[in-house]
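Subject: Structure handover

Hello,

Here is the structure you will be working with. My notes are below it.

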Amino acid sequence: MHRKILSLLAASALLLTSAFPVGAAETPRSPEAPMSFVERYTNVTQDVILEGLKLVGVRYKMGGNSVENGLDCSSFVQMVFKESIGAYLPRTAREQSQVGKQIDASQLQPGDLVFFNTMRRTFSHVGIYLGDNHFMHAPRAGSEVRVENMNNSYWQTRFNGARRIIEAR
C-alpha cells in the first residue's frame, strides 16, 4: 500500500507540472533559485525514476530477478532501465560499473548509477541516484527496495563511484 501511494504521489507531481509548461510570457527562474523536484528530471529521467519508485517495497532476494520472487540491487537497476527506457544493462553491479560514462560525485544527476563497497570488494552494490543525496536501491536480505540518504555515514564510507547512463539531459 505504501509503495502504491508513493508512486501515485510522485507520478501526480510530475504529471501536474508537465501539464502546465512554462510559457514565453512567464518570468524565467533566477539562476540562484534551486530547481524544483520536477524541474530536475528530463522525460527519460522521469521514466527511470518513476519505474524505480513503482518497485519500492519489493522484497530483496540475493540473485532474485523478478518482482514476485524478489530483486537484488543489480537486478533492480537492470529491471528499472529495461522497463522504463528499454536500456539493457549487465546483470551484476561490477559489470554495470563499466557501462556509461564515469562521473565524479560532484557531478551526480538524477538517474545516474551510484556504486558502493558493501561486501569488502569495490562495486559490490548499486543504486539509482534521485537527487539531493538520495538514491533508491535493493539493500540486503530481510529488507525491501527503498530510498536512502547518501549522507548516512554507512553509505559515505562505502561510496565507490558513479556512472551516467542517460546522456541526453
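Predicted model: local features only at pLDDT ≥ 70, side-chain atom pairs only at ≥ 80, totals over all residues.

Residues are numbered from 1 along each chain as its sequence is written, and side-chain values use heavy atoms, with hydrogens and water left out.

Overall

The protein has five helices and eight strands; helices (H or I, at least four residues) and strands (E, at least two) are DSSP runs, numbered from the N terminus. Their order from the N terminus is α-α-β-β-α-α-β-β-β-β-β-α-β. Of the 169 residues, 41% count as buried. Buried means under 20% relative accessible area, exposed over 50%, and partly exposed in between (1.4 Å probe, protein chains only). The accessible surface comes to about 9,500 Å², and carbon and sulfur atoms hold 54% of that; these areas come from the Shrake-Rupley method with a 1.4 Å probe, and for residues only the protein chains shown count as cover. Taking contacts between residues at least 6 apart in sequence, 56% join residues at least 24 apart, where contact means heavy atoms within 4.5 Å.

Six strands make an open sheet with antiparallel pairing, in the order 3-8-4-5-6-7. Two strands pair if DSSP finds at least two bridges between them. From one strand to the next, the twist averages 40°. Axes are lines fitted to C-alpha atoms, for helices over the stretch in contact, and angles run from 0 to 180 degrees between N-to-C directions.

- Strand 4 and strand 5 are antiparallel, with four bridges; Phe116 lies opposite His125 in strand 5.
- Strand 5 (residues 125-131) and strand 6 (residues 134-137) are antiparallel over three bridges. Tyr129 faces Phe135 of strand 6, and Gly131 is opposite His134. The two strands form a hairpin with two residues between them, and Asp132 in the turn has a positive phi of about 50°.
- Strand 6 and strand 7 are antiparallel over four bridges, with Met136 opposite Val147 in strand 7.

Strand 5 is mostly covered, with seven of its seven residues buried.

Helix 3

Just after the helix, Gly86 has a positive phi of about 75°.

The cores

A nonpolar core is a set of buried Ala, Val, Leu, Ile, Met, Phe, Trp, Tyr and Cys residues joined through side-chain atoms within 4.5 Å. The largest one has 27 residues, and those with the most contacts inside it are Phe76, Val77, Phe81, Leu113 and Ile128. Helix 2 (43-54), helix 3, strand 4 and strand 5 are the elements that give it two or more residues. Helix 3 supplies the largest share, six residues. A second, separate core of nine residues includes Val114, Phe116, Tyr129 and Ala162.

What does Phe81 touch beyond its neighbours within four places in sequence? The contacts are Val48, Gly86, Ala87, Leu89, Gly111, Leu113, Ile128, Ile165 and Ile166.

Gly70

Gly70 is in strand 2 (residues 70-71) and is buried, with a relative accessible area of 0%. Not counting residues up to four places away in sequence, Gly70 touches Val58, Arg59, Lys61, Gly64 and Asn65. Its C-alpha is 5.0 Å from that of Arg59, 11 residues away along the chain.

Regards
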